[in-house]
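Me: I would like to go through this model slowly, one question at a time, and to see how each answer is reached.

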Amino acid sequence: RWDSDLSAVFPEEEEMFYTVGILRSAVSDGDLGRLEEQNDEILRFCEEARIRCVEYLSYYPDQAGWEKKHFGPAKWARFVERKRKYDPKAILSRGQRIFTSSLA
């Protein structure tokens with residue numbers, strides 16, 4: 001059962017939500033570009049239709065993207081609090097660029 005103490009991100013304002021997984025692979029570089037374009041098209045559609053979605057295994061170039069698009073304001077403060085408590089030197093998940101400096 002979902003619980004507000006979990007760090008998983010889901011739309012809190014909704015009583016019901018759906019998960020959709022799109023797992024594909026590319027054989028050549030040309031395929032990869034086409035698949036990335038299709039992914040971007042899906043995300044644009046969701047944004048224009050005001051369908052809230054969260055990407056997992058996503059890439060946001062900076063902390064603001066993670067805060068706004070992935071966690072949202074409601075979860076961001078709690079995520080930062082837990083990060084400060086359990087990983088104050090920001091050692092874990094550096095490659096995702098969620099935190100670029102120590103929180104200590």
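Me: Which residues does Ser 102 touch, if residues up to four places away in sequence are not counted?
Reply: This is a predicted model, and what follows should be read with that in mind. Ser 102 lies in the segment after helix 2, and its C-alpha is 8.2 Å from that of Ile 91, a residue 11 places away in sequence. Leaving out residues up to four places away in sequence, the residues that Ser 102 touches are Pro 88, Lys 89 and Ala 90.

Me: Does Ser 102 count as buried, partly exposed or exposed?
Reply: Buried means under 20% relative accessible area and exposed means over 50%, with partly exposed in between. Because the relative accessibility of Ser 102 is 43%, this residue counts as partly exposed.

Me: With which residue does Asp 87 form a salt bridge?
Reply: The structure holds one salt bridge, and Asp 87, whose place is in the segment after helix 2, takes part in it. The closest N and O atoms of the pair are 2.6 Å apart, and the partner of Asp 87 is Lys 83.

Me: Which backbone nitrogen does the side chain of Asp 87 reach?
Reply: The side chain of Asp 87 makes a polar contact with the side chain of Lys 83 at 2.6 Å. The side chain of Asp 87 also reaches a backbone nitrogen at 3.0 Å, and that nitrogen belongs to Ile 91.

Me: How many residues make up the largest nonpolar core?
Reply: Among the members of this core are Tyr 60, Trp 66, Val 80, Phe 99 and Leu 103. Within that list, Val 80 touches Phe 99 and Leu 103, when residues up to four places away in sequence are not counted. The number of residues in the largest nonpolar core is nine.

Me: What is the area of the nonpolar surface patch made by Tyr 18, Val 20, Ile 22 and Ile 42?
Reply: One of its residues, Val 20, has its place in the segment before helix 1, a helix that covers residues 29–48. Val 20 has a relative accessible area of 71%, and therefore counts as exposed. The patch that Val 20 makes with Tyr 18, Ile 22 and Ile 42 has an area of about 470 Å².

Me: How far apart in space are Tyr 59 and Gly 95, C-alpha to C-alpha?
Reply: Tyr 59 has its place in the loop between helix 1 and helix 2, and because its relative accessibility is 51%, it counts as exposed. In sequence, Tyr 59 and Gly 95 are 36 residues apart, whereas in space the C-alpha to C-alpha distance is 9.7 Å.

How values were computed: Residues numbered from 1 in each chain as written. Predicted model: local features only at pLDDT ≥ 70, side-chain atom pairs only at ≥ 80, totals over all residues. Heavy atoms only, no water. Core = buried A, V, L, I, M, F, W, Y, C linked by side-chain atoms within 4.5 Å. Buried < 20%, exposed > 50% of the residue type's maximum accessible area, 1.4 Å probe, protein only. Contact = heavy atoms within 4.5 Å. Patch = residues over 30% accessible without salt bridge, like charges linked within 9 Å, V, L, I, M, F, W, Y side chains within 5 Å. Areas by Shrake-Rupley, 256 points an atom, 1.4 Å probe, with all protein chains shown as cover. Salt bridge = Lys/Arg side-chain N within 4 Å of Asp/Glu carboxyl O. Helix = DSSP H or I, 4+ residues; strand = E, 2+ residues; numbered from the N terminus. Polar contact = N/O pair within 3.5 Å; in protein donor to acceptor, adjacent residues only side chain to side chain.
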